[in-house]
Amino acid sequence: MLIASTLDPGGHILPLAYGIVDSENDDSWLWFFENFKNAFGEREDMCFVSDRNKSIWNATAAIYPEFRHYACIYHLWTNLLKKTYRDTEEVRPLFFSLAKAYTVQEFDELMTRMDQINPKYRAYLQKANYEKWSRAHSPVKRTWTLTSKIIESLNNTILVGRRLPVVPLLEFVRKTIEAWNEKHNEEGRNTTTTLTSKYNEMLEDNRNLSHRMLVRASTIHLHTITDGAKRFKVCLNTRMCSCGRFQHDEIPCSHALAAIRHRNKHRDDYCSAYYSNKNYQDTYAIPIEPLPCESTWDVPSHVLEEVVLPPITRKQPGRPPKNDRKKGFTEGEGKKRKVTCSEYGIVGHNKKTCPKKTHDN
């Protein structure tokens, strides 16, 4: 099953298209994206995020040559571990902070810290191309979509249905999306704020942080925001802040909200229309049509006469896996056991290779 998903204005998974093919290869993904383009066309600043599967990259390059394709930072992280075989408590938060950094300056500072742990990290990440995974280097605003984990979440939701034959599987997926559609419709109807609940809460958190900041205006649009020992430049006209969040997320950061409050402006006017509750309701305005009883179907005669043969399949060797999803490198398979020195209790080496013991001798 091939699936394309995105995030809706409420921050929920929104399945856009899905299809069943014989296997995951160049031809199947090409067919998928040809139909995807017929349904959705092309959108401004559209981009793709995947697990670096070559067939997906080949298909998007052929069907959407003008649009960018990015690598899921989670899959990049697991590949990085496979290459370097190091998973220290320092590296993981450093890598994800590096990928999510809003400015090149912040990115460079974090990369320098990674160099101190292992210079091999920089070499591998440079080869992967910073633009393909780093938020700070991305020419397209990807907002919150830095991984393809929403597909993993969707796969886990329909895990039971994936064991069914094709037709019951499709009906299982239809019922799942139908239930989500009504749930999110109700959430939109019960929301009284201009923005959806998730992003309204984010604005409230930023507003609370902005109260401790000092504002000095240069022009009607340009402001200097002092937050403790740090200073930030905010331009309300271009909707930009030197911290990078205002322009990347398209929602006011705490520094921008300090300037907005200083000018007595309405904060919702500086948010992208994407976050509005109206767009959220419009997303689910088209219902998932209920399927009528099969006895009432008016099936054309040429469909009834068509003979559908079973697909040609190849039995895989060995016992069929109980779970469809294989565990990743960081979830147990391939993850190295931590070695601890029995002499001094230090993680990273054993008693025989202990540098402290050698020094003592």
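Predicted model: local features only at pLDDT ≥ 70, side-chain atom pairs only at ≥ 80, totals over all residues.
Is Pro-15 buried or exposed?

**Entry 1: Pro-15**

I looked up Pro-15 and found a relative accessibility of 16%. Buried means under 20%, so Pro-15 counts as buried. Next I asked where Pro-15 sits, and the reply was strand β2, residues 13-19. Then I checked Pro-15 against Ile-177, a residue 162 positions away along the chain. Their C-alpha atoms are separated by 7.9 Å.

**Entry 2: the largest cavity**

Rolling a probe the size of a water molecule over the atoms shows where empty space is left. How many cavities of 30 Å³ or more does a search of the whole structure find? I noted two. The largest cavity has a volume of about 50 Å³. I was pleased to meet Pro-15 and Ile-177 again, as both are among the residues that line the largest cavity. Met-1, Ile-3, Tyr-18, Leu-154, Ile-158, Val-173 and Thr-176 also belong to this lining.

Which element gives the largest share of that lining? I wrote down α8, with three residues. Helix α8 spans 166-190, and both β2 and α8 supply at least two lining residues each. Sorted by class, the lining of the largest cavity has eight nonpolar residues, one polar and no charged.

**Entry 3: the second largest pocket**

I moved on to an open space. The second largest pocket holds about 600 Å³. It is lined by 24 residues, and Glu-106, Phe-232, Cys-243, Arg-245 and His-255 are the closest to its centre. I sorted this lining by class too, and got 10 nonpolar, six polar and eight charged residues.

Which elements supply at least two residues each to the lining of this pocket? I listed α5 (104-117), α9 (197-210), β7 (230-235), α10 (245-249) and α11 (254-262).

**Entry 4: a record to compare**

I also opened the UniProt record. An unreviewed entry there places the feature "domain: SWIM-type" at residues 232-264. Over residues 232-264 I found 42% helix and 18% strand. The end C-alpha atoms of this stretch are 19 Å apart.

**Entry 5: aromatic rings**

How many aromatic pairs does the structure hold? My note says 19. I picked out Phe-95 and Phe-96, whose ring centres are 5.2 Å apart. Their planes meet at 80°, so I called the pair edge-to-face. Phe-95 has a relative accessible area of 0% and is buried. Phe-96, at 16% relative accessibility, counts as buried as well.

Phe-95 also pairs with Trp-133, with ring centres 5.9 Å apart. The planes are at 25° here, so this pair is stacked. I then asked where the two partners lie. Phe-95 is in helix α4, residues 91-100, while Trp-133 is in the loop between α6 (120-127) and α7 (149-157). They are 38 residues apart, and the pair links distant parts of the chain.

Elsewhere I found one aromatic cluster formed by Trp-29, Phe-32, Phe-33, Phe-36, Phe-40, Phe-48, Tyr-64 and Phe-67.

**Entry 6: charges over rings**

Which residue lies over the face of Tyr-102? I found Arg-135 there, at 4.2 Å from the ring centre.

How values were computed:
Residues numbered from 1 in each chain as written. Heavy atoms only, no water. 1 Å grid on protein atoms, 1.4 Å probe; cavity = no way out; pocket = protein on both sides within 12 Å on 5 of 7 lines; lining within 4 Å. Points joined across faces, edges and corners; volume = space filled by probe spheres on them. Helix = DSSP H or I, 4+ residues; strand = E, 2+ residues; numbered from the N terminus. Nonpolar A, V, L, I, M, F, W, Y, C, P; charged D, E, K, R; others polar. Phe/Tyr/Trp six-rings, centres within 6.5 Å; stacked < 30°, edge-to-face > 60°. Buried < 20%, exposed > 50% of the residue type's maximum accessible area, 1.4 Å probe, protein only. Lys NZ or Arg CZ within 6 Å of the ring centre and 35° of its normal. UniProt positions renumbered as here; feature names shortened; annotations may be inferred.
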